[in-house]
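Let's take a walk through a structure together, one step at a time.

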Amino acid sequence: MAENTTPSSLRVHEPLTVLDGTLLRELVKAAAAWLNRNKEKVNALNVFPVPDGDTGTNMNLTMRSAVKELDASPATRLDEVAKVVAQGALLGARGNSGVILSQLLRGFARGLEGKETATTDDLAIAFQAATKAAYSAVMKPVEGTILTVAREAADAAERSAATTSDIVKLLEDVLDAAQDALRRTPDMLHVLKDAGVVDSGGQGLVFLFEGMLRYLKGEPVEAEAETSAIPDHLPELDAPPEPLADGRYGYDIQFLIRGENLDVEAIREMIRSMGDCALVVGDSNVVKVHVHCLNPGPALEYGANLGMLDDIVVENMDLQYEEFKQQAEQTPVAPPMPTKRVSTDAATGIATVAVVPGDGLRNVFESLNVSAIVPGGQTMNPSTQDLLEAIDAVESDTVIVLPNNKNIILAAQQAAELSDKTVYVVPTRTVPQGIAAMMAFNFKSDVESNVQNMQEAANHVVSGEVTRAVRTTQIDGIEVEEGDFIGILDGRLVVAGKDLTDVMRSMLKTADPSRFEIGTFYYGADLSEEEAHRLVEALQAAFPALEMEVVYGGQPNYHVLFSLE
Amino acid sequence: MSNIRIVTDSSADLPQPVADALDITVVPLYIHFGEDTYREGIDITHEEFYRRMEAEAPNLPKTSAPSPADFMKVYQEILDEGDDIISIHVSAAFSTTYNNARLAAQELDPERITVIDSRNVSMCLGWVCIAAAEAAMRGDDREEIIEIVLDMLPRLRIPSFLETLEYVRYGGRIGSAEAFLGTVLDVKPILAIEDGKVVPLEKVRTRGRALDRLAAMARELAPFEDIAVMHTHSPEMAEKLADMLADVHPRQNILIAQTGVAMGSHVGPGAVGICAVVAK
């Protein structure tokens with residue numbers, strides 16, 4: 001793998017003064033590889049201790065889309081390479097951090113337009129253009145985020161270019177400034193300080209700069225990232241096993257040997273010599289064997305010669321891996337599903353596209369006449385391309401998009417810009433807001449008044465979300481322990497506790513149920529129907545005046561989503 | 001030249017004093033609870049109707065149109081008095097009333113009886129009858145009155161909220177509002193009538209929201225020549241909506257009335273709607 005990371009030409013210690021397209025290719029790949037290697041560190045920086053649409057995963061998938069586009073393109077000119085990278089990132093952008101990253105790359109590419117190669121001066125201009133594009137992509141830019149890190153890095157590039165023509169030196173200065181800005185993000189954004197973390201998007205950007213610099217200095221950016229066949233960790237999926245040989249996984253073999261005078265030590269040694277992940281435990285009468293081998297025959301035969309085999313389980317991991325890969329590939333980019341019912345599209349010529357997690361919630365949206373659904377949500381942010389495909393797939397040329405998650409709004413807006421259709425995004429931040437908006441769709445109104453109605457309806461509901469904390473932290477004075485149920489009311493964490501019913505009761509009390517007529521409780525995949533009904537019965541007993549409806553949502557990770565209206 | 005008299009049916013929801021003052025003849029629809037038959041607005045009070053409807057659920061009352069013979073009787077009396085007739089009725093999409101009136105007119109004297117499908121219902125139909133009757137009292141001739149009616153029909157608006165879809169579903173008079181059936185959530189529809197048929201507008205989950213939306217819709221439609229707030233067995237909601245409309249129409253000129261029981265059997269209790277004639 002050494003040739004990937006240490007090009008011999010760069011070992012020579014003469015200043016690198018010209019960046020060409022070929023080198024930019026390598027830098028982008030190195031940046032992507034380094035981010036991939038470190039994405040879990042970025043994921044760990046989420047402010048809310050919720051199983052989140054992780055920043056690291058989102059930025060990584062965004063970069064991966066850029067690299068994929070690059071691999072498919074013959075471009076060699078610097079400006080063309082930059083453009084291809086930007087295009088790939090734009091379509092693959094997931095989550096707010098991914099969208100901002102894609103805008104940085106778009107600005108960077110614009111800054112390099114017309115350049116076959118670049119000097120430090122050119123790069124300084126491109127960095128500034130990148131920052132400008134990213135800031136303008138966000139309606140209300142917030143300091144203390146990836147934007148600040150990008151801006152201070154770009155300013156450092158400008159200062160550096162004034163004194164050096166060495167690109168490595170410039171990137172060092174950029175990285176220093178980015179790291180410095182990142183360290184100061186908690187001082188700019190109190191939620192970061194409260195949570196005791198630096199900004200996750202900013203950290204992702206720092207890893208990208210670091211990856212480029214490591215490449216230029218001949219340091220490894222972790223070869224495993226180059227074997228892009230292994231899908232990234234996705235929250236719902238177990239990590240794939242390591243391949244044994246030739247990219248094959250072989251068989252997962254488990255069995256018991258029953259016999260007399262079994263020599264556990266000897267069996268362990270023998271089994272270890274046969275394959276990977278060997279685990280041999282037991283006593284002289286029964287030994288449990290687990291091992292991964294390319295061929296299950298020898299291990300089984302060996303065991304059968306020692307005694308009687310029992311509880312034999314042999315699984316083909318190559319097939320499992322294929323399934324895993326398909327699942328991993330499908331999960332985030334599942335095709336938009338046209339709904340069976342009358343859709344707003346067919347009835348009015350205005351299509352509606354909603355991002356929806358969970359099969360129950362999908363039924364809800366379908367029954368409210370949505371035209372197409374993009375599966376996804378908090379734990380699975382669809383990419384700009386996923387959204388774009390759904391927008392393109394519906395019949396009408398006029399489309400209203402409901403992102404239903406604050407971390408999907410930017411990607412939806414980016415998809416709206418990229419589409420040739422007339423696309424409006426009603427920036428719904430929660431699923432209950434999306435449902436309220438969908439109900440407000442008026443079959444006799446034009447698209448502008450519908451967008452307005454839907455937004456107004458979305459603002460009208462109070463949304464509640466309940467999930468389990470993934471780490472111990474303190475937010476707004478509320479102590480949260482890992483594993484606690486946490487209640488989020490309109491985006492604000494209001495309660496944490498061990499008991500789901502207590503947490504929900506406290507949330508409703510905080511929201512003041514006397515202000516509302518009806519509460520609708522969508523229970524997720526983690527609750528059974530019975531549990532959900534018991535829960536709502538308890539709530540009904542506590543708040544008898546509020547009408548309550550229990551609906552199966554099927555959403556992952558969030559035990560309950562609810563609306564008060 | 002003979003005078004013109006206005007005939008309508010009980011689904012116009014005309015308050016009796018108004019009908020009396022303008023000499024409008026109202027032919028009643030029929031309500032059937034099992035074997036018992038009542039004439040709408042004559043033999044059964046709203047209170048008794050909704051009490052029985054609740055008591056006999058899930059068996060819902062049925063409605064039927066006045067027969068051609070009923071119309072012939074009414075028409076004949078008027079003709080005998082020497083007057084001619086303009087007979088204006090509930091949308092033919094909802095009821096055979098219009099068709100039965102037409103048959104009666106053909107049977108008697110089509111020259112002297114003009115039958116018009118209002119393509120609407122409730123006080124929307126009522127406002128048309130009032131305008132026509134006022135014109136008749138002024139001495140306008142048949143053509144002039146017909147012109148007034150035809151000019152008004154496209155300006156009728158009836159955004160309405162139903163507490164439940166249960167009754168509409170049962171009655172089968174929902175048309176394209178079918179899109180609102182079968183929702184996973186317990187939604188309450190806001191509907192209107194367009195081209196004589198029920199059309200779905202949007203969905204809400206609460207009465208509060210329904211009133212907000214109806215008021216917002218009224219604000220978009222304003223100004224009005226006439227406006228009424230109609231309800232089925234929910235006077236508080238109607239009062240509240242009328243109060244909310246005070247900024248688009250003088251409150252004292254907003255008529256509040258209970259919708260007839262035939263309509264009540266199709267929309268159920270708890271419905272509230274606006275019947276408005278938008279200004280030219």
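Now turn to chain A. Its mean pLDDT is 86, with 88% of its residues reaching 70 or more. Over residues 1-9, pLDDT stays under 50, and the model has 10 contacts beyond four places in sequence for them. Residues 327-340 of chain A also stay under 50; for this stretch the model has 30 such contacts, beyond four places in sequence. Where pLDDT is low, the predicted coordinates should not be read in detail.

What is chain A built from? You can find 21 helices and 19 strands in it. Of its 565 residues, 53% count as buried. Look also at how the chain folds back on itself: among contacts between residues at least 6 apart in sequence, 69% join residues at least 24 apart.

Let's go back to chain B and see how it is divided. The domain assignment gives domain 1 (4-29 + 65-154) and domain 2 (158-278). Notice that domain 1 of chain B is written as two pieces of sequence. The C-alpha centres of these two domains lie 24 Å apart. Where they touch, the contact takes 18 residues from domain 1 of chain B and 17 residues from domain 2 of chain B. On the domain 1 side, helix H5 (residues 122-138) of chain B gives the most, with four residues. That side of domain 1 divides into 10 nonpolar, five polar and three charged residues.

Finally, how do the two chains meet? Their contact takes 18 residues from chain B and 20 residues from chain A. On the chain B side, strand E11 (197-204) and helix H8 (207-221) each supply at least two residues. Strand E11 of chain B gives the most, with six residues. The residues on this side of chain B divide into eight nonpolar, four polar and six charged. For the model as a whole, the scores are ipTM 0.85 and pTM 0.76.

Note on methods:
Residues are numbered from 1 along each chain as its sequence is written. Chains are lettered from A and ligands numbered from 1 in the order in which they are written. This is a predicted model: local features need pLDDT of at least 70, side-chain atom pairs count only at pLDDT 80 or more; totals for chains, interfaces and linings use all residues. Two residues are in contact if their C-beta atoms, placed from the backbone, lie within 7 Å. Ala, Val, Leu, Ile, Met, Phe, Trp, Tyr, Cys and Pro count as nonpolar, Asp, Glu, Lys and Arg as charged, and the others, Gly among them, as polar. pLDDT is the predictor's confidence in each residue, from 0 to 100. A residue is buried if 20 or more other C-beta atoms lie within 10 Å of its own, exposed if 12 or fewer, and partly exposed in between; C-beta atoms are placed from the backbone. Domain bounds come from an automatic or database domain assignment.
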